[in-house]
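Thanks for coming. Please look at the sequence and the model on the screen while I talk.

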Amino acid sequence: MRLAGRAAAAIGASIALVGTFLPWLASGAVDRSSYELLDIVERLGFSPDGLVGLALTVWPLAPLGLVLCVVAQWPWRGWQDRWAGWGAVGVATVAALYVGATAAAVLGAPEVGLFRVRWGVWITLVGAATMIAGAAIDAVGVRRDLRTGRPTDRDRSAPA
């Protein structure tokens, strides 16, 4: 069960990563990715202060967060350790919420005649939802392993 959750989170992160590079908005005949969208937001003076401004500022680091999510899901030696399990769940959840909330904010933005929302936003949102589902499945597996006292790789390799 945990392996299925981790696989879903890693696949979702890969989908979301590809989605960030796909067209998010179209202005005229030009399609723009999420990274080009940030440039437009700042150039037109729509960049707000506070939490939203911070989220826009760190958006270029989104691919790094998604790649870290994929790496965290990999079944490293000792991957059944409870801290590794909760770490993988945490990384997937944080990355999915950040990327998904940003995509949802673009979808929920007021309609402006100059811009049209494109399909890259939806791909990113599907990837983020898949990451959340995978993290939830993995979290259930981690809790089950802790309750049943299932031995970790570290316990198996300890001298008797």
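I will go from the overall layout to the sheet, then to a helix pair, and end with the core.

This is a predicted model, in which local features need pLDDT of at least 70 and side-chain atom pairs count only at pLDDT 80 or more, while totals for chains, interfaces and linings use all residues. Residues are numbered from 1 along each chain as its sequence is written, and side-chain values use heavy atoms, with hydrogens and water left out.

First, the layout. The chain has seven helices and three strands. Helices here are DSSP runs of H or I with at least four residues, strands are runs of E with at least two, and both are numbered from the N terminus. Starting at the N terminus, the order of elements is α-β-β-α-α-α-α-β-α-α. The chain has 160 residues, and 37% of them count as buried. Buried means under 20% relative accessible area, exposed means over 50%, and partly exposed is in between, with a 1.4 Å probe and protein chains only. As for contacts, meaning heavy atoms within 4.5 Å, take those between residues at least 6 apart in sequence: 76% of them join residues at least 24 apart.

Now the sheet. In which order do the three strands of the open sheet lie? The order is E2-E1-E3, and the pairing is antiparallel. Two strands pair if DSSP finds at least two bridges between them. In general, strands of a sheet pair through backbone hydrogen bonds, either parallel or antiparallel. The edges are strand E2, residues 30–32, and strand E3, residues 115–117, each of which pairs on one side only. Ignoring direction, neighbouring strands in this sheet are turned by 30 degrees against each other on average. Strand E1, residues 25–27, is joined to E2 by three bridges in the antiparallel sense. Ala26 stands opposite Asp31 of E2.

Helix H2 lies across E1, E2 and E3, and runs at about 100 degrees to E2. Angles run from 0 to 180 degrees between N-to-C directions, and axes are lines fitted to C-alpha atoms, for helices over the stretch in contact. In the loop between E2 and H2 we find Ser33. Is Ser33 buried or exposed? Ser33 is buried, at a relative accessible area of 11%. Apart from neighbours within four places in sequence, Ser33 is in contact with Thr20, Phe21, Leu22, Pro23 and Trp24.

Next, the helix pair. The axes of H1 and H4 come within 8 Å and cross at roughly 160 degrees. Therefore H1 is roughly antiparallel to H4; the cut-offs are under 35 degrees for roughly parallel, over 145 for roughly antiparallel, 65 to 115 for roughly perpendicular, and oblique for the rest. On the H1 side, the contact includes Arg6, Ala10 and Phe21, and on the H4 side it includes Pro63, Leu66 and Val70.

Two of these residues are worth a stop. Arg6, in helix H1, is buried, with a relative accessible area of 3%. Arg6 and Trp74 are 68 residues apart in sequence, yet 7.5 Å apart in space, C-alpha to C-alpha. Val70, in helix H4, is partly exposed at 28% relative accessible area. Leaving aside neighbours within four places in sequence, Val70 is in contact with Ala10, Ala13 and Ser14.

Last, the core. A nonpolar core is a set of buried Ala, Val, Leu, Ile, Met, Phe, Trp, Tyr and Cys residues joined through side-chain atoms within 4.5 Å. How many residues does the largest nonpolar core have? It has 26, and among those with the most contacts inside it are Trp24, Trp59, Val106 and Met131. H1, H2, H4, H5 and H6 each supply at least two residues of this core. H5 gives the most, with seven residues. Outside the four places in sequence on either side, Val106 is in contact with Trp24, Leu25, Leu37, Val117 and Val121.

That is the end of the tour.
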